[in-house]
Amino acid sequence: MCKLCDEGKPQDHTDLLRDSRRDFLKAAATTGVAAGGLSLFGARPAAAKDKDKNKEDDDPPDDTGKPGRRYIIRGGAVMTMDPSMPHRGEFAKADVLVEGKKIVAVGPNLPVAGAAQIDATGRIVMPGFIDTHHHQFETVLRSFLADGVLINDGSGSPSGSTTYFEFILLTFAPVYRPQDVYINELFGGLSQLDAGVTTVHDVSQIHHSPQHSDAAIQALFDTGRRAAFGYFESAGAAILHTNPGNQYPQDAPRIKKQWFSSSDQLVTMIMGGEVYLGNQSTDDSWTIGRNLDLQIAAHILSPFGIRPTFDLLAAGTGGNGHIGMGPDNLFIHTTGMSDTAWQRVKDVGAQVSIAFPIEMNMRHGMPPIIRMQMMGMEPSLSTDVECTMTADFFTQMRAAMNLQRMIVNQMTLDKPNGNQNLPDPRNWELPQSAMTSNDNPGFPYWPKPPAGIPAPLTTRDVLRYATMNGAKGLRLDTKTGSLTPGKEADIIILDATAINVAPLNQVPGAVVSLMDRTNVETVIVAGKIRKWKGELLDVDVPHLRKQLEASRDYVFNKAGVAQDLFSSQ
Ligand SMILES: [Zn+2]
């Protein structure tokens, strides 16, 4: 806490950050990956304790997530996202029994004695959301690039001038220190945990040195949610050659050995294998990743000139001539790729992550949802960057549904006119020459959908993308993604009695169409309750926010970018 900052006289907190970095490095050295008890984490906020002082029933069960510890979530509307379970895994009123880290049973009126009880009356109980691509190191840059596109387009417009490549990658990213990486990753992760996102693939492209890598990984462990650490390049700095400590990608074996020797932990590792860094880098990163038996992820988008490179990977002749795509690949965006490459993506069983709102906003190209549906494929969802868009999953699901349905619905309306105007976005509505013909007697103009296009996405579809597909996308589907007995208990409890949701009439619809992060009441990761009735447990958010703000001040200052709360970008 800083009194002077509170009084509006901002102070330099770099000492504080240095301390916290020393703390986490010391903790990592002495206790290994299970570092706990860092000074960053306080007890439950005093205010919350005071509020509940006279209501002991409102405290969470003790020692959740520990071996043998049992509790039962009673009487909620349970949406397991596992259609192989009875009632397609959907129960209007049921219980979920958790023991230790795992879900033991799901069903109505479970006869259980001796377990602590959580009353879920009026609540929706479902698996936590899974984000398959998020750059958490950019948390201090939140909303900086709310209007920007990927690359300066020469237009002089606000969106085309302050852009992702020039500012986020080339200006801000190179100045990050390990302690900046740590607090950005931690704060961004806790924020998503608070919003019910229990698993993330953190695409940390901020590996200017092994210390930067360790800071990112330590933060993922300290966040206490399920995470795949994505070991990507040293963004920006690799282009500017300001990263003498850069050890990407050859530090991967050291990282895997030091941090990921156990598979029974919340954090796993993915190898970043960007294919726009040159053939040698592709060769090196994909070969190292495959030798370590890691999944290999890459951003794939046509504005970066990737289509021909992707075609080579599809042909098995990528990199210096021998790299090909496989079931171990996770491709991000995948906008603007060829028919041939898409067929190969499907044939090898590679995973695809779509960041709908970001792709729509930042000119990545059309999110390839219609193509995937027409090929019998499905994506997972990803939030990408908070410099431009929120990382909550209600936004992701609604954006996915809205974009897909906008296309399909317009195609349906255009069908009697031969889809003649669809390729021209300036004329996206019905053409001026259209006959508003009536092939559905009794209604003025309401054509049947044309043959061969997908049905509009439903709320269940995007919920599946946001949960099970995410688990599959990160090879975690034996552990999470649904409330299937035997899986680890990554559970969110959503308040359907709240003023923005009640009365509850349809569960998938309430979650996707009405809810936001304020409805995320309780969050559980591997059986451990992390958020309880609206508040993160064991996290001192004001303290962490001060550190984040200090990091923000450092990064902007070092990058030479003025802080301007009303910048026109
Ligand atoms: Zn990305």
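Residues count as buried under 20% relative accessible area, as exposed over 50%, and as partly exposed in between (1.4 Å probe, protein chains only). At 5% relative accessibility, Asp384 is therefore buried. Phi of Asp384 is near 70°, a positive value in a residue other than glycine. Asp384 lies in the loop between strand 13 and helix 15 (393-414). Helices (H or I, at least four residues) and strands (E, at least two) are DSSP runs, numbered from the N terminus.

The model is predicted: local features need pLDDT of at least 70, side-chain atom pairs count only at pLDDT 80 or more, and totals for chains, interfaces and linings use all residues. Residues are numbered from 1 along each chain as its sequence is written, and side-chain values use heavy atoms, with hydrogens and water left out.

His87 also has a positive phi, near 55°, in a residue other than glycine. This residue lies in the loop between strand 1 and strand 2. His87 counts as exposed because its relative accessibility is 58%. Strand 1 (residues 70-79) is largely enclosed by the rest of the structure, because nine of its ten residues are buried.

Strand 1 has several partners. Two strands pair if DSSP finds at least two bridges between them. Strand 1 pairs with strand 2 (residues 90-99) in the antiparallel sense over seven bridges. Ile72 has Leu97 in strand 2 as its bridge partner. Strand 4 (residues 116-119) runs parallel to strand 1 and is joined to it by four bridges. There, Ile73 stands opposite Ile118. Strand 5 (residues 123-127) pairs with strand 1 in the parallel sense over two bridges. Val125 in strand 5 is the bridge partner of Val78.

Gly272 has Ala297 in strand 10 as its bridge partner. Axes are lines fitted to C-alpha atoms, for helices over the stretch in contact, and angles run from 0 to 180 degrees between N-to-C directions. Contact means heavy atoms within 4.5 Å.

Two helix pairs were examined. Helix 6 (residues 178-194) and helix 19 (residues 541-559) pack at about 135°, with axes 9 Å apart. Angles under 35 degrees count as roughly parallel, over 145 as roughly antiparallel, 65 to 115 as roughly perpendicular and the rest as oblique. Helix 6 and helix 19 are therefore oblique to each other. Residues of helix 6 in this contact include Ile183, Phe187 and Leu190, and those of helix 19 include Leu544, Leu548 and Tyr554.

The axes of helix 16 (residues 459-466) and helix 18 (residues 507-514) come within 9 Å and cross at roughly 70°. Helix 16 is therefore roughly perpendicular to helix 18. Thr459, Arg460, Val462 and Leu463 in helix 16 meet Pro508, Gly509, Val511, Val512 and Ser513 in helix 18.

Cis peptide bonds complete the description. One joins Tyr248 and Pro249, with omega about -5°. Another joins Ala502 and Pro503, with omega about 0°. Pro503 is placed in the loop between strand 14 (491-495) and helix 18.
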